[in-house]
Amino acid sequence: MSDHDTSNANDDELSLPRATVYKLIAEMLPKDIACAKDTRDLLLDCCNEFIHLIASESNEICEKDAKKTIAAEHVLTALQELGFEKYVSEVQEAYDEHRKQQTKDRGRKSTKLSQLGMSEEELLRSQELLFAQARMRYQNQPTSQGQLDDSMSAPSSNGI
């Protein structure tokens, strides 16, 4: 494998999924417009470069704030500092919608717990009981090694 092949493998690891980007391109274009493969590849490269640029700038802002995790605020600041301020409001709206959806999803999970009809303590006791039963079954099963030891200590029928 040549150096070129390895760099392609590394680029693929750091790249957006090709099929997903191609699908987005197809959805954005009018139906009567075709897009050449070279053009799609160029757009994919541009998208990857844009994400790397925003991520790098966000990371620098994060480090300046003495933080270890890049937060949404760091990304929004990076967009502004890189001259993409006209996208900040759209990104903020998308982020707010994402957070709202996550809150709904968490609510569904807690609703599932309440619909079980058991308290958390009862569920924990039930889980511990199931673990204990599984442990007992496991411990009472003869192991292959144990069976092998037993068969080796038993006298064989041919007298050897």
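This is a predicted model: local features need pLDDT of at least 70, side-chain atom pairs count only at pLDDT 80 or more; totals for chains, interfaces and linings use all residues.
Residues are numbered from 1 along each chain as its sequence is written, and side-chain values use heavy atoms, with hydrogens and water left out.

Student: How many helices and how many strands does the secondary structure of the protein come to?
Tutor: Helices (H or I, at least four residues) and strands (E, at least two) are DSSP runs, numbered from the N terminus. Read along the sequence, the pattern is α-α-α-α-α-α-α. The count is therefore 7 helices and 0 strands.

Student: What length does H3 reach from its first C-alpha to its last?
Tutor: The expected span of a helix is 1.5 Å times one less than its number of residues. H3 has 28 residues, for which 40 Å is expected, and the span in the model is close to that, at 41 Å.

Student: Are H3 and H4 roughly parallel or roughly perpendicular to each other?
Tutor: Axes are lines fitted to C-alpha atoms, for helices over the stretch in contact, and angles run from 0 to 180 degrees between N-to-C directions. Angles under 35 degrees count as roughly parallel, over 145 as roughly antiparallel, 65 to 115 as roughly perpendicular and the rest as oblique. Helix H3 (residues 37-64) and helix H4 (residues 72-81) pack at about 110 degrees, with their axes 8 Å apart. The two helices are therefore roughly perpendicular.

Student: How many nonpolar residues are in the contact of H3 with H4?
Tutor: Contact means heavy atoms within 4.5 Å, and among the residues that make it are Phe-50 and Ile-54 of H3 and His-74 and Val-75 of H4. Ala, Val, Leu, Ile, Met, Phe, Trp, Tyr, Cys and Pro count as nonpolar, Asp, Glu, Lys and Arg as charged, and the others, Gly among them, as polar. The contact has 3 polar and 2 charged residues, and its nonpolar residues number 7.

Student: Does His-74 count as buried or exposed?
Tutor: His-74 lies in helix H4 and, leaving aside its neighbours within four places in sequence, is in contact with residues including Ser-58, Ile-61 and Cys-62. Buried means under 20% relative accessible area, exposed over 50%, and partly exposed in between (1.4 Å probe, protein chains only). At 7% relative accessibility, His-74 therefore counts as buried.

Student: Which helices do the buried residues of H3 pack against?
Tutor: The buried residues of H3 include Leu-44, Ile-54 and Ile-61. They pack against helix H2 (18-28) and H4.
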